[in-house]
Structure formats: C-alpha cells, structure tokens
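Work through the exercises below with the structure open beside you. Try each task before reading its solution.

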Amino acid sequence: MTVLVVGASGATGSNLVEQLLILGHKVKVIVRSPEKLPESWKNNNQLQIISASILELSDEEMQKHVRDCNAIASCLGHNINLKGIYRQPRKLVTDATRRLCEAIIATNLESPIKYVLMNTTGNRNRDLNEPISFGQKCVIGLIRLLLPPHVDNEKAADYLRTQIGQNNKFVEWAAVRPDGLINEEKVTDYEIHASPIRSAIFNAGKTSRINVGHFMASLINDNDLWNEWKGQMPVIYNT
Ligand SMILES: NC(=O)c1ccc[n+]([C@@H]2O[C@H](COP(=O)([O-])OP(=O)(O)OC[C@H]3O[C@@H](n4cnc5c(N)ncnc54)[C@H](OP(=O)(O)O)[C@@H]3O)[C@@H](O)[C@H]2O)c1
C-alpha cells in the first residue's frame, strides 16, 4: 500500500511512519521542514518526502499527492507555544482533513481510501451516548473558550462524522482517541475501547505515542481491524 502521512515530523507522526515502514508499506510525507527528519528517512527509497506546508498546497497539488494513495493518516497538531495555539491556522487539523478528503473525492478513485485521524479523548463521539460529568462539561467548555486547538480537534472529527458519514463511496475514516500522551521506546500492550472508560479531565490514563502509531498503522494494514473500527472513534490506553 501507499500511505500519505501528514504531521509526520511530529512526535506521534514519526512513530506512525516508522510502523508503516516496518509493515512494508510505501510512505509519503508532507512536511514543512524536511531538514529536521531523521537521516535514515532521507535515504529510504520506500519513503517519499514532499516539502510543503499542507494548507498552502493548491487543490490540484493536493489531488496529485493523494491520487496514488490507499490510505491517508493525520497526526497534525498545533505547536504548543503561543503562536501555535493562538495564531493562524486556527483550523489546521480540520482544514487539512477537509481538503484531503475533498481531494480524495475529486480524484474519483474506484475503491475507498482509508482516512485515519489522530484525535483526543477530550472529544466525544456524538454518534454514541458518551455521558460526561457536569464538572467535565464545565472544564471542556472552558477549554473550548481558551484553547482553539481543542475546538479544531473537535471540528475535524465532526467533519468526518457528519460530512463524510458512514456510507461515503470515496472515503472511509476512523478517528483514534489517545488519552494523555507519553513517550516510550517500544510498542507495549494497549487496549482499544469504543468510548472512554475514564474521565479525560479528572482521571486521565496514559497512551504512548508509539502505541498510537502502531494502532493507526494496524488500522491501515489490517482490513479486519479496519472493518471493526471504521466510522468510529476508538479510544486507546496503554494497558
Ligand atoms: N498532549 C496530549 O496528551 C494529547 C492527548 C491526546 C491527543 N493529542 C493530540 O495529538 C495530536 C498530535 O500530538 P503530538 O504530540 O504528536 O504533536 P506534535 O509532536 O506537536 O506534532 C504536530 C505535527 O503537526 C505539524 N504542524 C503543526 N503546525 C502546523 C502547521 N501550521 N502547518 C503544517 N503542519 C503543522 C508539526 O509540523 P512541524 O514539525 O513542521 O511543526 C508536526 O508534524 C495533537 O492534535 C494533539 O491535540 C494530544
């Protein structure tokens, strides 16, 4: 398979790329600063590095990049500094998701492309009855007001859920929701749930970025796993 990864230079995205390469897939990455990528990537002929800022691509360029792909994965996230959180692009994840999906649809391919979005347990799957406490509702409301990246993550998943939906001829999707992200060297045991089993605010669990990369790569690689989770927002915790 050929897989396009956006957000590949990030802490989780780079793990996802490694996992896809281990599985033997061809990987294309669109990155703003290719010079920051590991040397081993630059010399890997299974990996194509496209130097661009994703939202600055024209529609035609976007279509050219998705045309030969079987799957697209986004690990985009706002840089955790004042510029990344409060300056443009405020809708980085949503706009990238929307424009990549529109590019897939415009290319009119015969079989649907998998779109795997990295999301967060701070977001609810409104297709399911996911109850949260009054306290959590208040805190999330405050986060929405104060932290634009949270709203962006919510809107990106909402786009897939409501605009792409469950029966799109061109795009199938899954939005993977990790809890508190940590860094680990190796893949460890992890568990997947349809909805959070703990409070993302008051009792957050841990999810290592390499496990997120492993699960996203497995969704792309394994059609049975894909059929189990497509159109859903699986939650991932380290065991
Ligand atoms: N922190 C947590 O506990 C937690 C929990 C659950 C979910 N999440 C979500 O997980 C996601 C990824 O987390 P992470 O730690 O892997 O993120 P990260 O290391 O900060 O990676 C972010 C990626 O997005 C890219 N990016 C940022 N701004 C961009 C822009 N304006 N244009 C193009 N690309 C841009 C970065 O590229 P550059 O290298 O060029 O900057 C990088 O590749 C985020 O959406 C976050 O909200 C976080």
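Two strands pair if DSSP finds at least two bridges between them. The model used here is predicted.

**Exercise 1. Strand β10 and its partners**

Task: Determine in which sense β10 pairs with β8 and in which sense β10 pairs with β6.

Solution. 
Step 1. Recall the general rule: the strands of a sheet pair through backbone hydrogen bonds, either parallel or antiparallel.
Step 2. Strand β10 (residues 235-238) and β8 run antiparallel and are joined by four bridges. Tyr190 has Asn238 of β10 as its bridge partner, and Ile192 has Ile236 of β10.
Step 3. With β6, the pairing of β10 is parallel and covers two bridges. Here Pro178 stands opposite Ile236 of β10.
Step 4. Now look at the side chains of β10. Val235 and Tyr237 point one way, Ile236 and Asn238 point the other way, and all are buried.

**Exercise 2. Strand β5**

Task: Is β5 mostly covered or mostly open, and with which strands does it pair?

Solution. 
Step 1. Buried means under 20% relative accessible area. Six of the six residues of β5 are buried, and the strand is mostly covered.
Step 2. Sort the residues by direction. Ile113, Tyr115 and Leu117 point one way from β5, while Lys114, Val116 and Met118 point the other way.
Step 3. Strands β4 and β5 pair in the parallel sense over four bridges.
Step 4. Lys114 stands opposite Glu172 of β6.

**Exercise 3. Helices across the sheet**

Solution. 
Step 1. Two packed helices are described by the angle between their axes and the distance between the axes.
Step 2. In the contact, Asp59, Met62, Gln63 and Val66 of α3 meet Arg99, Leu100, Ala103, Ile104, Ala106 and Thr107 of α5. By class, these are six nonpolar, two polar and two charged residues.

**Exercise 4. Helices α6 and α7**

Task: Classify the crossing of α6 and α7 and list the residues in contact.

Solution. 
Step 1. The axes of α6 (residues 134-146) and α7 (residues 148-164) come within 5 Å and cross at roughly 105°.
Step 2. The two helices are therefore roughly perpendicular to each other.
Step 3. From α6, the contact uses Ile140, Ile143, Arg144 and Leu146; from α7, it uses Pro148, His150, Val151 and Glu154.
Step 4. Sorted by class, this contact has five nonpolar, one polar and two charged residues.

**Exercise 5. An aromatic pair**

Task: How many aromatic pairs does a search of the whole structure find, and why is the pair called edge-to-face?

Solution. 
Step 1. The search finds one aromatic pair.
Step 2. The ring centres of Tyr190 and Phe215 are 6.1 Å apart and the planes stand at 70°. Planes over 60 degrees apart count as edge-to-face, so this pair is edge-to-face.
Step 3. Tyr190 lies in strand β8 and Phe215 in helix α8 (residues 209-221), so the pair ties together parts that are 25 residues apart in sequence.
Step 4. Phe215 has 2% relative accessibility and so counts as buried.

**Exercise 6. Glu39**

Task: Decide whether Glu39 is buried or exposed.

Solution. 
Step 1. Glu39 is found in helix α2 (residues 39-42).
Step 2. Its relative accessibility is 53%, so Glu39 counts as exposed.

Technical notes
Residues numbered from 1 in each chain as written. Predicted model: local features only at pLDDT ≥ 70, side-chain atom pairs only at ≥ 80, totals over all residues. Heavy atoms only, no water. Axes fitted to C-alpha atoms, helices over the stretch in contact; angles between N-to-C directions. Parallel < 35°, antiparallel > 145°, perpendicular 65-115°, else oblique. Contact = heavy atoms within 4.5 Å. Nonpolar A, V, L, I, M, F, W, Y, C, P; charged D, E, K, R; others polar. Buried < 20%, exposed > 50% of the residue type's maximum accessible area, 1.4 Å probe, protein only. Phe/Tyr/Trp six-rings, centres within 6.5 Å; stacked < 30°, edge-to-face > 60°.
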